[in-house]
Amino acid sequence: MSQINENFLKLQDSYLFSTIAKKVEKYIEENPDKKVIKLGIGDVTRPIIPACVEAMHKAVDEMGTKEGFKGYGPEQGYEFLRKAIIENDYKLRGIDIEKDEVFVSDGAKCDCGNIVDIFGPDNKVAITDPVYPVYLDTNIMSGRKIIYLPVTKENNFIPELPKEKVDIIYLCFPNNPTGTVLTKEEIKKWIDYAKKNKSIIMYDAAYESFIREKNIPHSIYEIEGAKDVAIEFKSFSKVAGFTGLRCAYVIVPKKLKGYTKEGKQISINKLWNRRTSTKFNGVSYIVQRGAEAIYTKEGKKQIKENIEYYLENAKIIKKGLEEVGFTCYGGVNSPYVWLKVPNEFTSWEFFDKLLEEANVVGTPGSGFGKSGEGYFRLTAFNTKENTIGAIEKIKKIYKK
Ligand code: PLP
C-alpha cells in the first residue's frame, strides 16, 4: 500500500485566484460591453528587457556551435552569473559574499519551497499573516508547527517578535501582499532574536529592486550579524520580466549553522549544496546569460526604466485612492498597494463592488491570511493607461 504524506491533507485548498478568475469570467460574459481592468495579478506585464533578449540570442547561437555548445552546467549556477551577482548586488553595497555562497535557481518560489528539505520536522516556524502562501503551505506539507505573526495597521505592518521561541522565521520585505518595508533597525531586532534563539531567518527580497527610500535595506546582509542567521532569496522575475523565463538565486552564508538534535553545529551551506547537487541540474545556460545582462550598463538602465514605470503606476493608484478617502499602505517601495476597505465591507464584498461598479479587479486581502480580512491588494503590473482608467472609475464611485 502506497502511503501518502498526510500533511498534504491539512492544506487548505487555495481557491483565491481561481475564484477571482471565475467571477471575472462570469461578469464579462454577462456584461460583454464593459471593459474590465485587472489590477489583481502579481505577474509583470512588460516584456523581457532588450539587453537580456540580445544576450539570450547570442547564447542560443553559441549553443548551436561545436565550440560553444554546453551540456549540463554547474548545479549552483555558472561562474559568470554568480560573479555578476556578487559584484553588483553585494560588493557595491559593501557586502562580501563568496562565490560558493550563491546558488542560482529557477525561481524564488522553488527556493522558498525547497529550502524546507534541509530542516527537521520539529522546527517551530514563524510566518507573518497575511503572507505569500508558499512559506506557509510548504511548511504545512512537511508537518511543522506554524506560529502566525499578524501584520495589520495596528502594528504598522511591523511583525512583533513571537512570545514563544521559534526556530525558523520568514520575513519578506518589501512585502507581498502589503507592499510595506522594514527599516534596518527593525530587521536588526529579528537578527538579535535569531542569534539569541539559534533560529534562522528566511529573508525573501524578491521585490528589492523596488526600494526607493533611504534606510530601507536592499539586502539583509547590510545589517550586522545577518550572515550568522539569515538566508536571502532574490529573484529576477519582477526586475527584468523574467516571470516566464525563470531565474533567481539564494545566498546561503558559510557562517550559517543549524543543529542536530544533540546540538552539534552543521553548515547550512553544505546541506543546501548537497541538496542542490542531488535534486537540481542548474538553470539553462541561455537564461543565465540573459540574467547576466541585467548587470550590464544597458541592462541596468533598462531595468530602472521598467521599475520606475511600475512605481509610477503604484503612485497613481495610491494617490488617486487617497484623494477619495482611502487609507493605503505600500506602493512606495513596492508594486503593491494594500488598502483598507470601507468598514461596511469584507474583502470579498469589496471585490464584488469594485468589479460590478468600477469594472476593476483586485485581490481580496483575506485570501492571503486571516489578518488580511478588511484589506485589498492592487498591483502596479498593468499599463499606465489602464491604471489611470481603473483609478478614475474607482474614484467616481467614492467621490463625495
Ligand atoms: N517571493 C515573493 C514574495 C513573491 O511574491 C513571488 C512571486 O510573486 C516570488 C517569491 C516568486 O518569485 P519567482 O518568480 O522567482 O519564483
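## Notebook: aromatic pairs, sheets and loops

**Entry 1. Aromatic pairs.** I began with two tyrosines, Y207 and Y336, and found both of them buried. I note at the outset that I am working with a predicted model. I then searched the whole structure for aromatic pairs, and the search returned 26. I opened the pair of Y90 and Y249, which is edge-to-face, with 6.4 Å from centre to centre and 75° between the planes. This pair links distant parts of the chain, since Y90 belongs to helix α3 and Y249 to strand β8 (residues 248-251), 159 residues apart. I checked the accessibility of Y90 and Y249, and both are buried. I returned to Y207 and Y336, whose ring centres are 5.2 Å apart with the planes at 70°, so I recorded this pair as edge-to-face. Y207 lies in the loop between β6 (200-204) and β7 (230-235), while Y336 is in strand β12, so the pair ties together parts that are 129 residues apart in sequence.

I also asked which residues form one aromatic cluster with Y90 and Y249.

**Entry 2. Charges over rings.** R46 lies over the face of Y309, at 4.0 Å from the ring centre. The charged end of K70 is placed over the ring of Y285, 4.5 Å from its centre.

**Entry 3. Helix α9 and its neighbours.** I then examined how α2 and α9 meet: they pack at an angle of about 145°, and their axes are 8 Å apart. I recorded the crossing of α2 and α9 as right-handed. On the α2 side I listed C52, A55, M56, A59, V60, E62 and M63 as making the contact, and on the α9 side Y285, I286, V287, R289 and G290.

**Entry 4. The seven-stranded sheet.** I traced an open sheet of seven strands with mixed pairing, in the order β2-β8-β7-β6-β5-β3-β4. β2 and β4 (145-150) stand at its edges with a single partner strand each, so one side of each has no neighbour in the sheet. Neighbouring strands of this sheet are turned against each other by 20° on average, direction ignored. Within the sheet, I found five bridges joining strand β5 (residues 168-172) to β6, and these two run parallel. Y170 stands opposite M202 in β6. I also noted helix α6 (residues 184-197), which lies across β4, β5 and β6 and runs at about 150° to β6.

Entry 5. I found three bridges between β11 and β12 (residues 336-340), which run antiparallel. In β12, W338 is the bridge partner of Y329.

**Entry 6. Cis peptide bonds.** D129 and P130 are joined by a cis peptide bond with omega of about 5°, and P130 lies in the loop between β3 (124-129) and α5 (133-141). The bond from F173 to P174 is likewise cis, with omega near -10°, and I placed P174 in the loop between β5 and α6.

Entry 7. N156 has a positive phi of about 60° although it is not a glycine. I located N156 in the loop between β4 and β5. Is N156 buried or exposed? Its relative accessibility is 52%, so it counts as exposed, the cut-off being over 50%.

N359 also has a positive phi, about 55°, without being a glycine. I found N359 in the loop between α11 and β13 (360-361). With a relative accessible area of 5%, N359 is buried.

Lastly, I looked up N269, which is in helix α8 (residues 268-279). N269 is buried, at 8% relative accessible area. Leaving out residues up to four places away in sequence, N269 touches D100, E101, F103, V252, P253 and K254.

Notes:
Residues numbered from 1 in each chain as written. Predicted model: local features only at pLDDT ≥ 70, side-chain atom pairs only at ≥ 80, totals over all residues. Heavy atoms only, no water. Pairing = 2+ DSSP bridges. Helix = DSSP H or I, 4+ residues; strand = E, 2+ residues; numbered from the N terminus. Phe/Tyr/Trp six-rings, centres within 6.5 Å; stacked < 30°, edge-to-face > 60°. Buried < 20%, exposed > 50% of the residue type's maximum accessible area, 1.4 Å probe, protein only. Lys NZ or Arg CZ within 6 Å of the ring centre and 35° of its normal. Axes fitted to C-alpha atoms, helices over the stretch in contact; angles between N-to-C directions. Left-handed = near helix turned anticlockwise from the far one by under 90°. Contact = heavy atoms within 4.5 Å.
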